[in-house]
Amino acid sequence: MSNARANILARLREVAPQADTAVPEPAAPPIEALSHADQVDRLKRLMEAMHAEVYLTDSGNWTAVLKDVLRQRSLNGLLYAPATPIGTTLSESWESDLPPLVGYDQVVEQSKERLFGIDAGITSTKGGLADVGALILWPTPHEPRLMSLAPAVHIAVLEAANIHDSLADAIAREHWQDKMPTNALLISGPSKTADIELVLTFGVHGPKELIVLILDD
(Lines give C-alpha, C1' and ligand atoms only; values in the text may rest on other atoms or scores of the structure.)
Protein backbone atom coordinates (compact mmCIF):
# COMPACT_ATOMS: atom_id res chain seq x y z
CA MET A 1 0.00 0.00 0.00
CA SER A 2 1.41 3.40 -0.94
CA ASN A 3 2.10 5.98 1.73
CA ALA A 4 -0.49 8.33 0.25
CA ARG A 5 -3.23 5.68 0.36
CA ALA A 6 -2.27 4.61 3.89
CA ASN A 7 -2.41 8.22 5.06
CA ILE A 8 -5.85 8.73 3.52
CA LEU A 9 -7.22 5.60 5.15
CA ALA A 10 -5.71 6.55 8.50
CA ARG A 11 -7.39 9.97 8.39
CA LEU A 12 -10.72 8.40 7.45
CA ARG A 13 -10.51 6.01 10.38
CA GLU A 14 -9.80 8.88 12.74
CA VAL A 15 -12.87 10.76 11.52
CA ALA A 16 -15.17 7.75 11.49
CA PRO A 17 -14.09 5.22 14.13
CA GLN A 18 -14.97 1.66 13.24
CA ALA A 19 -18.11 0.52 14.99
CA ASP A 20 -18.26 -2.93 16.49
CA THR A 21 -20.39 -4.83 13.97
CA ALA A 22 -20.21 -8.19 15.72
CA VAL A 23 -23.65 -9.64 16.37
CA PRO A 24 -23.87 -11.98 19.33
CA GLU A 25 -25.43 -15.35 18.70
CA PRO A 26 -28.98 -15.65 19.99
CA ALA A 27 -29.43 -17.73 23.09
CA ALA A 28 -30.54 -21.31 22.54
CA PRO A 29 -34.21 -21.91 23.30
CA PRO A 30 -34.95 -23.34 26.74
CA ILE A 31 -34.44 -27.09 26.89
CA GLU A 32 -36.83 -29.31 28.79
CA ALA A 33 -34.65 -31.64 30.83
CA LEU A 34 -35.87 -35.22 30.45
CA SER A 35 -34.96 -38.35 32.33
CA HIS A 36 -33.32 -41.12 30.32
CA ALA A 37 -36.54 -43.14 30.35
CA ASP A 38 -38.53 -40.12 29.16
CA GLN A 39 -36.04 -39.52 26.34
CA VAL A 40 -36.39 -43.07 25.07
CA ASP A 41 -40.18 -43.10 25.46
CA ARG A 42 -40.71 -39.76 23.73
CA LEU A 43 -38.39 -40.50 20.84
CA LYS A 44 -40.05 -43.88 20.26
CA ARG A 45 -43.56 -42.44 20.46
CA LEU A 46 -42.88 -39.54 18.11
CA MET A 47 -41.07 -41.68 15.56
CA GLU A 48 -43.86 -44.25 15.53
CA ALA A 49 -46.31 -41.39 14.91
CA MET A 50 -44.28 -40.72 11.75
CA HIS A 51 -44.66 -44.39 10.67
CA ALA A 52 -41.24 -45.60 11.84
CA GLU A 53 -41.03 -49.12 13.26
CA VAL A 54 -39.17 -48.89 16.56
CA TYR A 55 -37.83 -51.73 18.72
CA LEU A 56 -36.34 -51.45 22.20
CA THR A 57 -33.55 -53.93 22.78
CA ASP A 58 -29.95 -53.95 24.08
CA SER A 59 -26.43 -54.50 22.79
CA GLY A 60 -26.58 -58.24 23.50
CA ASN A 61 -29.86 -58.95 21.71
CA TRP A 62 -30.22 -56.46 18.89
CA THR A 63 -29.05 -58.85 16.19
CA ALA A 64 -31.70 -61.39 17.27
CA VAL A 65 -34.38 -58.68 17.01
CA LEU A 66 -33.03 -57.66 13.62
CA LYS A 67 -33.11 -61.24 12.35
CA ASP A 68 -36.75 -61.63 13.44
CA VAL A 69 -37.63 -58.42 11.62
CA LEU A 70 -35.86 -59.51 8.43
CA ARG A 71 -37.41 -62.99 8.45
CA GLN A 72 -40.83 -61.33 8.26
CA ARG A 73 -39.90 -59.70 4.96
CA SER A 74 -38.81 -60.83 1.53
CA LEU A 75 -35.63 -58.91 0.80
CA ASN A 76 -32.93 -59.48 -1.81
CA GLY A 77 -30.13 -58.37 0.52
CA LEU A 78 -28.96 -56.14 3.34
CA LEU A 79 -26.36 -53.49 2.56
CA TYR A 80 -23.97 -52.89 5.45
CA ALA A 81 -20.63 -51.29 6.23
CA PRO A 82 -18.07 -54.06 6.99
CA ALA A 83 -15.52 -51.64 8.49
CA THR A 84 -17.82 -50.46 11.31
CA PRO A 85 -18.55 -52.09 14.71
CA ILE A 86 -22.07 -52.87 13.48
CA GLY A 87 -20.63 -54.47 10.37
CA THR A 88 -18.27 -56.66 12.38
CA THR A 89 -21.11 -57.87 14.62
CA LEU A 90 -23.33 -58.67 11.64
CA SER A 91 -20.68 -60.54 9.67
CA GLU A 92 -19.81 -62.68 12.72
CA SER A 93 -23.40 -63.67 13.52
CA TRP A 94 -25.18 -63.88 10.18
CA GLU A 95 -27.23 -66.95 9.26
CA SER A 96 -27.93 -68.59 5.94
CA ASP A 97 -31.74 -68.17 6.01
CA LEU A 98 -31.44 -64.39 6.19
CA PRO A 99 -31.15 -61.95 3.28
CA PRO A 100 -27.50 -62.02 2.16
CA LEU A 101 -25.21 -59.40 3.58
CA VAL A 102 -23.79 -57.12 0.91
CA GLY A 103 -20.81 -55.09 2.01
CA TYR A 104 -20.38 -51.48 0.97
CA ASP A 105 -16.70 -51.62 0.08
CA GLN A 106 -16.35 -49.34 -2.94
CA VAL A 107 -16.69 -45.62 -3.54
CA VAL A 108 -20.16 -44.30 -4.35
CA GLU A 109 -19.33 -43.77 -8.04
CA GLN A 110 -18.64 -47.51 -8.38
CA SER A 111 -21.56 -48.66 -6.22
CA LYS A 112 -24.61 -46.84 -7.56
CA GLU A 113 -26.10 -49.93 -9.18
CA ARG A 114 -25.69 -51.86 -5.93
CA LEU A 115 -27.02 -49.01 -3.78
CA PHE A 116 -30.18 -48.60 -5.84
CA GLY A 117 -30.74 -52.29 -6.54
CA ILE A 118 -30.72 -53.69 -3.03
CA ASP A 119 -33.86 -53.79 -0.88
CA ALA A 120 -32.46 -52.80 2.53
CA GLY A 121 -29.55 -51.00 4.16
CA ILE A 122 -28.42 -50.76 7.76
CA THR A 123 -26.48 -47.89 9.31
CA SER A 124 -25.33 -46.65 12.66
CA THR A 125 -26.53 -43.30 14.03
CA LYS A 126 -24.83 -40.40 15.73
CA GLY A 127 -27.67 -40.02 18.22
CA GLY A 128 -31.31 -39.12 18.63
CA LEU A 129 -33.41 -36.05 19.49
CA ALA A 130 -36.14 -36.69 22.04
CA ASP A 131 -38.06 -33.44 21.66
CA VAL A 132 -38.86 -33.94 17.97
CA GLY A 133 -38.39 -37.71 17.61
CA ALA A 134 -35.53 -37.79 15.11
CA LEU A 135 -32.31 -39.67 14.43
CA ILE A 136 -28.99 -38.00 13.73
CA LEU A 137 -27.01 -39.59 10.92
CA TRP A 138 -23.39 -38.59 10.46
CA PRO A 139 -22.25 -39.89 7.05
CA THR A 140 -18.70 -41.19 6.76
CA PRO A 141 -16.67 -42.76 3.95
CA HIS A 142 -17.65 -46.16 5.41
CA GLU A 143 -21.36 -45.25 5.69
CA PRO A 144 -22.14 -42.67 2.97
CA ARG A 145 -25.44 -40.84 2.88
CA LEU A 146 -26.81 -42.98 0.06
CA MET A 147 -26.80 -46.07 2.30
CA SER A 148 -29.73 -44.56 4.19
CA LEU A 149 -31.43 -42.96 1.20
CA ALA A 150 -31.30 -45.40 -1.70
CA PRO A 151 -32.61 -48.77 -0.39
CA ALA A 152 -36.39 -49.06 0.14
CA VAL A 153 -35.89 -50.20 3.74
CA HIS A 154 -33.55 -48.29 6.05
CA ILE A 155 -32.60 -49.94 9.33
CA ALA A 156 -30.93 -47.68 11.89
CA VAL A 157 -29.15 -48.72 15.09
CA LEU A 158 -29.29 -46.16 17.90
CA GLU A 159 -27.57 -46.37 21.27
CA ALA A 160 -29.98 -44.96 23.84
CA ALA A 161 -27.11 -43.28 25.71
CA ASN A 162 -26.75 -40.96 22.69
CA ILE A 163 -30.29 -39.61 22.81
CA HIS A 164 -30.35 -35.87 23.54
CA ASP A 165 -33.16 -33.66 24.76
CA SER A 166 -32.95 -31.41 21.68
CA LEU A 167 -30.77 -30.46 18.71
CA ALA A 168 -29.32 -27.53 20.67
CA ASP A 169 -28.41 -29.97 23.44
CA ALA A 170 -26.71 -32.32 20.98
CA ILE A 171 -24.72 -29.52 19.35
CA ALA A 172 -23.52 -28.18 22.69
CA ARG A 173 -22.70 -31.51 24.36
CA GLU A 174 -20.90 -32.99 21.36
CA HIS A 175 -19.12 -29.82 20.20
CA TRP A 176 -20.38 -30.04 16.65
CA GLN A 177 -18.58 -26.81 15.74
CA ASP A 178 -15.25 -28.65 15.95
CA LYS A 179 -16.04 -31.64 13.73
CA MET A 180 -18.88 -31.02 11.30
CA PRO A 181 -19.04 -33.49 8.39
CA THR A 182 -20.00 -32.42 4.88
CA ASN A 183 -23.59 -33.08 5.84
CA ALA A 184 -25.60 -34.33 8.80
CA LEU A 185 -29.07 -35.84 8.52
CA LEU A 186 -32.06 -35.65 10.84
CA ILE A 187 -34.53 -38.46 10.11
CA SER A 188 -37.95 -38.74 11.74
CA GLY A 189 -39.52 -41.51 9.66
CA PRO A 190 -39.80 -42.96 6.15
CA SER A 191 -39.45 -40.48 3.32
CA LYS A 192 -42.46 -38.22 2.97
CA THR A 193 -43.68 -35.30 0.95
CA ALA A 194 -46.72 -33.02 0.86
CA ASP A 195 -48.47 -31.40 -2.10
CA ILE A 196 -49.82 -27.86 -2.22
CA GLU A 197 -52.84 -28.99 -0.21
CA LEU A 198 -50.48 -30.28 2.51
CA VAL A 199 -51.57 -33.89 2.08
CA LEU A 200 -48.72 -35.89 3.62
CA THR A 201 -47.66 -38.96 1.62
CA PHE A 202 -45.07 -41.44 2.87
CA GLY A 203 -42.45 -43.36 0.91
CA VAL A 204 -42.37 -41.37 -2.33
CA HIS A 205 -38.76 -40.34 -2.99
CA GLY A 206 -36.71 -42.42 -0.55
CA PRO A 207 -36.99 -45.30 1.92
CA LYS A 208 -40.55 -46.58 2.24
CA GLU A 209 -39.80 -48.11 5.64
CA LEU A 210 -37.67 -46.96 8.57
CA ILE A 211 -36.85 -49.56 11.21
CA VAL A 212 -35.09 -48.32 14.35
CA LEU A 213 -33.36 -50.55 16.89
CA ILE A 214 -32.76 -48.69 20.16
CA LEU A 215 -30.02 -50.33 22.22
CA ASP A 216 -30.74 -49.47 25.84
CA ASP A 217 -28.26 -51.12 28.21
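Which residues does Gly-87 touch, not counting residues up to four places away in sequence? Gly-87 touches Tyr-80, Ala-81 and Pro-82, where contact means heavy atoms within 4.5 Å. The model is predicted, so local features need pLDDT of at least 70 and side-chain atom pairs count only at pLDDT 80 or more, while totals for chains, interfaces and linings use all residues. Residues are numbered from 1 along each chain as its sequence is written, and side-chain values use heavy atoms, with hydrogens and water left out.

- Gly-87 has its place in helix α4 (residues 85–93), helices being DSSP runs of H or I with at least four residues and strands runs of E with at least two, numbered from the N terminus.
- Gly-87 counts as buried because its relative accessibility is 0%, the cut-offs being under 20% relative accessible area for buried, over 50% for exposed and in between for partly exposed (1.4 Å probe, protein chains only).
- Although Gly-87 and Ile-122 are 35 residues apart in sequence, their C-alpha atoms are 9.0 Å apart in space.

**The open sheet**
- Four strands, in the order β8-β5-β6-β9, form an open sheet with mixed pairing, and two strands pair if DSSP finds at least two bridges between them.
- Because β8 (163–164) and β9 (185–187) stand at the edges with a single partner strand each, one side of each is left without a neighbour in the sheet.
- Strands β5 (residues 127–129) and β6 (residues 134–137) pair in the antiparallel sense over three bridges, and Leu-129 has Ala-134 in β6 as its bridge partner.

**Helix α7**
- Leu-167 lies in helix α7 (residues 167–174) and, at 32% relative accessibility, counts as partly exposed.
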